[in-house]
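Visitor: I am new to this structure. Could you show me how to read a few of its features?

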Amino acid sequence: MNDRQTGRIIKATGGFYYVRTSHGRAFTCRAKGLFRNRNITPLVGDLAEILPGLDGEATVVEILPRRNATVRPPLANLDQMVLVLSVVDPAPNLLVVDRFLALLEKQDIQPLVVITKSDLADPADLAKLYKKAGFPVLIVCGETGNGISALMDALSGKVSAFSGNSGVGKSSLLNLLDPRFAVATGGTSKKLGRGKHTTRHVELFPLPGDALVADTPGFSSMSITEMGGIGKDELAACFRDLAPYTEKCRFVNCSHTCEKGCAVLEALARGEIDPRRHQSYTLLYNEVKDIKPWEQK
Ligand code: ZN
């Protein structure tokens with residue numbers, strides 16, 4: 001009789017789960033039917049208890065509680081989401097970026113902002129914007145490889161996913177980290193023309209330094225209603241540069257967008273909050289303020 005072992009699901013395909021244990025051993029597993037009854041779908045990233053059989057295959061017998069889970073792509077227990085932004089060509093849409101950052105905050109996933117194409121334009125302003133807002137920022141050049149070791153350090157010991165819109169140089173970064181990414185991610189973009197429900201193969205790749213890394217599609221198509229369901233009262237808490245001032249705001253039910261004497265607006269006037277971040281907050285606030293709780297997904 002074999003003993004149960006604990007490992008992480010790093011790949012799921014065709015009804016099989018590939019589970020990597022802390023000893024670095026990989027098992028091909030089937031999931032027990034009981035998950036269907038309990039309405040649990042094992043996800044890539046899940047910590048699972050497995051029972052190795054005599055034939056080399058194993059069975060997933062338990063899924064341990066999740067810290068978080070993303071919908072698209074389906075991933076569990078992410079420590080970190082790497083947002084790849086290029087300074088130019090294309091320049092980032094800050095509203096889209098700030099929306100994604102707020103959703104990550106709500107999900108308790110730590111963002112890491114990685115800025116590319118520093119060989120084409122000065123990244124200083126973009127880097128300063130997000131550093132000042134409280135996020136870790138790295139500048140990595142996909143062409144020269146400058147900054148790649150700092151990125152590797154930041155991935156070490158963590159489960160991370162990479163997200164970035166097409167053209168930002170995410171593929172070159174992943175290639176620098178591990179050329180196997182090129183094989184795994186190449187050619188899949190052709191499929192995306194079939195609409196947003198196209199499922200995509202998700203996999204966590206082990207990298208040196210005990211890092212696990214997944215590639216994900218761009219984040220521009222996400223909206224607040226479909227992920228996280230952030231209500232208007234919790235939006236400011238999802239902006240880490242605004243959050244400290246909301247506690248000092250003397251108004252009850254303040255929107256922090258236009259009220260005279262609002263502590264957030266005073267901090268904005270003093271230059272302690274970047275106006276671009278507050279503009280994103282205001283646009284998102286206006287977007288979510290009319291959404292009823294029961295309309296949120
Ligand atoms: Zn206020």
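Predicted model: local features only at pLDDT ≥ 70, side-chain atom pairs only at ≥ 80, totals over all residues.

Visitor: Let us begin with the rings. How is a pair of aromatic rings described?

Guide: A pair of aromatic rings is described by the distance of the centres and the angle of the planes. In this structure there are three aromatic pairs. One of them is formed by Phe239 and Tyr281, with 5.5 Å centre to centre and 80° between the planes, an edge-to-face arrangement.

Visitor: Where in the chain do Phe239 and Tyr281 lie?

Guide: They come from distant parts of the chain, 42 residues apart. Phe239 sits in the loop between helix 7 (232-235) and helix 8 (243-246), while Tyr281 belongs to helix 10 (residues 275-288). Both Phe239 and Tyr281 are buried.

Visitor: Which aromatic pair do Tyr281 and Tyr285 form, stacked or tilted?

Guide: Tyr281 and Tyr285 make a tilted pair, at 6.0 Å centre to centre and 40° between the planes. Both residues are in helix 10, four residues apart, which is about one turn of the helix. Together, Phe239, Tyr281 and Tyr285 form one aromatic cluster.

Visitor: Why is Tyr285 called buried?

Guide: The word rests on relative accessible area, and buried means under 20%. Tyr285 has a relative accessible area of 9%, so Tyr285 counts as buried. The value for Tyr281 is 1%, so Tyr281 is buried as well.

Visitor: Which residue lies over the face of Tyr18?

Guide: That is Lys11, at 4.9 Å from the ring centre of Tyr18.

Visitor: Now the helices, please. How do helix 2 and helix 10 cross, and at what angle?

Guide: Look at the two axes and the angle at which they cross. For helix 2 (residues 94-106) and helix 10, the axes come within 9 Å and cross at roughly 70°. Angles of 65 to 115 degrees count as roughly perpendicular, so helix 2 is roughly perpendicular to helix 10.

Visitor: Which residues of helix 2 and helix 10 meet?

Guide: From helix 2 come Leu94, Leu95, Asp98, Arg99 and Leu101, and they meet Arg276, Arg277, Ser280, Leu283, Leu284 and Glu287 of helix 10. Sorted by class, this contact of helix 2 with helix 10 has five nonpolar, one polar and five charged residues.

Visitor: What is the angle between helix 4 and helix 5?

Guide: Helix 4 (residues 148-155) packs at about 75° to helix 5 (residues 170-177), and their axes are 11 Å apart. That angle makes helix 4 roughly perpendicular to helix 5. In this contact, Ile148, Leu151, Met152 and Leu155 of helix 4 meet Leu173, Leu176 and Leu177 of helix 5. The contact of helix 4 with helix 5 has seven nonpolar residues, no polar and no charged.

Visitor: Let us finish with single residues. Is Lys131 buried or exposed?

Guide: The cut-off for exposed is over 50% relative accessible area. Lys131 has 52%, so Lys131 is exposed. Lys131 is part of helix 3 (residues 124-132). In sequence, Lys131 and Val113 are 18 residues apart, and in space they are 9.0 Å apart, C-alpha to C-alpha.

Visitor: Which residues does Asp108 touch, not counting residues up to four places away in sequence?

Guide: On that count, Asp108 touches Arg67 and Asn68. Asp108 lies in the loop between helix 2 and strand 9 (110-116). Asp108 and Asn68 are 40 residues apart in sequence, with 7.1 Å from C-alpha to C-alpha in space.

Notes: Residues numbered from 1 in each chain as written. Heavy atoms only, no water. Phe/Tyr/Trp six-rings, centres within 6.5 Å; stacked < 30°, edge-to-face > 60°. Helix = DSSP H or I, 4+ residues; strand = E, 2+ residues; numbered from the N terminus. Buried < 20%, exposed > 50% of the residue type's maximum accessible area, 1.4 Å probe, protein only. Lys NZ or Arg CZ within 6 Å of the ring centre and 35° of its normal. Axes fitted to C-alpha atoms, helices over the stretch in contact; angles between N-to-C directions. Parallel < 35°, antiparallel > 145°, perpendicular 65-115°, else oblique. Contact = heavy atoms within 4.5 Å. Nonpolar A, V, L, I, M, F, W, Y, C, P; charged D, E, K, R; others polar.
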